[in-house]
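Here is a short briefing on one protein chain. Keep the sequence and the 3D view open while reading.

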Amino acid sequence: MTTALYPGSFDPITLGHLNIIRRASRIFDQVVVLVMMNSEKKSMFTIDERLALVQRVTKRLPNVSVVTTDELLAEHAKKYEGAVLVKGLRAVSDFDYELQLALINKKMNAELETVFLPASEKYTFLSSTATKEMARYGADLSEFVPVEIIDDVIEKTKHRRQT
Ligand code: ADP
């Protein structure tokens, strides 16, 4: 069985992330979305909230599951036999960073390969950071995040404004 692990912070999951998940789910037998803690970025949603949002938008994809871990990715990947990492690439800037991560992961776990999928043209501009920025200005989020989670992003943005 071929398993793709798709790691990210998903704060929140965007249409670009979902596009990668759908495409990976057609290539691999199973896709495991790994909602990672990110010590570099201050997140808008808690890890449990991010996990629940990813679960909600992927629930109709039968070979997709969602988990979280605080383990090092290269260690956690050992739990899935023969798994590969899937990453989306939006631009050359993603490539520089992702190549470095791929090499580090390979160094930590020699079995662990990384496969890159090019971002779909219409989602190249999309990031969780841009989504949060748009939400702060009350912009229409339907081009950014799956419709099922728009209200969650709006609510969270309002709450953050008050605090
Ligand atoms: P972001 O970079 O938006 O904060 P993550 O850290 O959660 O998102 O990224 C997880 C993975 O998803 C990375 O491989 C990243 O390059 C990829 N990704 C993010 N946004 C998109 C997009 N719009 N299209 C394709 N891949 C994407």
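The notes below cover the cores, the strands, the salt bridges and the surface.

The model is predicted. Its largest nonpolar core has 35 residues. A whole-structure search finds 10 salt bridges. A nonpolar surface patch of about 270 Å² is also present.

**Nonpolar cores**

- Within the largest core of 35 residues, Tyr-6, Val-33 and Val-86 have the most contacts.
- Strands that give two or more residues to this core are S1 (3–8), S2 (30–36), S3 (64–69) and S4 (84–89). Helices H1 (15–27), H2 (47–58) and H6 (150–162) do likewise.
- Val-86 touches Ala-4, Leu-5, Tyr-6 and Pro-7, among others, leaving aside residues up to four places away in sequence. Its contacts also include Ile-20, Ala-24 and Phe-28. Val-115 and Leu-117 are touched by Val-86 as well.
- In soluble globular proteins, nonpolar side chains tend to be buried together.

**Strand S4 and its partners**

- S4 is mostly covered, with five of its six residues buried.
- S4 pairs with S1 in the parallel sense, over two bridges. Leu-5 stands opposite Leu-85 of S4.
- S4 also runs parallel to strand S5 (residues 114–118), joined by five bridges. Here Leu-89 has Pro-118 in S5 as its bridge partner.

**Salt bridge Asp-11 to Lys-132**

- The side chains of Asp-11 and Lys-132 meet in a salt bridge, at 2.9 Å from N to O.
- This pair links distant parts of the chain, 121 residues apart. Asp-11 is in the loop between S1 and H1, while Lys-132 is in helix H5 (residues 128–136).
- Are the two partners buried or exposed? Asp-11 is buried, because its relative accessible area is 5%. Lys-132 also counts as buried, at 11% relative accessibility.

**Two other salt bridges**

- Lys-79 forms a salt bridge with Glu-71, and their closest N and O atoms are 2.7 Å apart.
- Lys-79 has a relative accessible area of 55%, so Lys-79 is exposed. Glu-71 is partly exposed, with a relative accessible area of 30%.
- Lys-106 forms a salt bridge with Glu-113, and here the closest N and O atoms are 2.9 Å apart.
- Lys-106 counts as partly exposed, because its relative accessibility is 32%. Glu-113 is partly exposed too, with a relative accessible area of 41%.

**Surface features**

- Which residues make the nonpolar surface patch of about 270 Å²? Leu-72, Ile-104 and Met-108 make this patch.
- Ile-104 lies in helix H4 (residues 92–108). Its relative accessible area is 41%, so Ile-104 is partly exposed.
- Glu-81 is found in the loop between helix H3 (73–76) and S4. Glu-81 counts as exposed, because its relative accessibility is 77%.
- Glu-81 and Thr-3 are 78 residues apart along the chain. Their C-alpha atoms are separated by 7.9 Å.

Note on methods: Residues are numbered from 1 along each chain as its sequence is written. This is a predicted model: local features need pLDDT of at least 70, side-chain atom pairs count only at pLDDT 80 or more; totals for chains, interfaces and linings use all residues. Side-chain values use heavy atoms; hydrogens and water are left out. Patches are made of residues with over 30% relative accessible area and no salt bridge: like charges are joined within 9 Å, nonpolar side chains (Val, Leu, Ile, Met, Phe, Trp, Tyr) within 5 Å. Accessible areas come from the Shrake-Rupley method with a 1.4 Å probe; for residues, only the protein chains shown count as cover. A salt bridge is a side-chain nitrogen of Lys or Arg within 4 Å of a carboxyl oxygen of Asp or Glu. Helices (H or I, at least four residues) and strands (E, at least two) are DSSP runs, numbered from the N terminus. Buried means under 20% relative accessible area, exposed over 50%, partly exposed in between (1.4 Å probe, protein chains only). A nonpolar core is a set of buried Ala, Val, Leu, Ile, Met, Phe, Trp, Tyr and Cys residues joined through side-chain atoms within 4.5 Å. Contact means heavy atoms within 4.5 Å. Two strands pair if DSSP finds at least two bridges between them.
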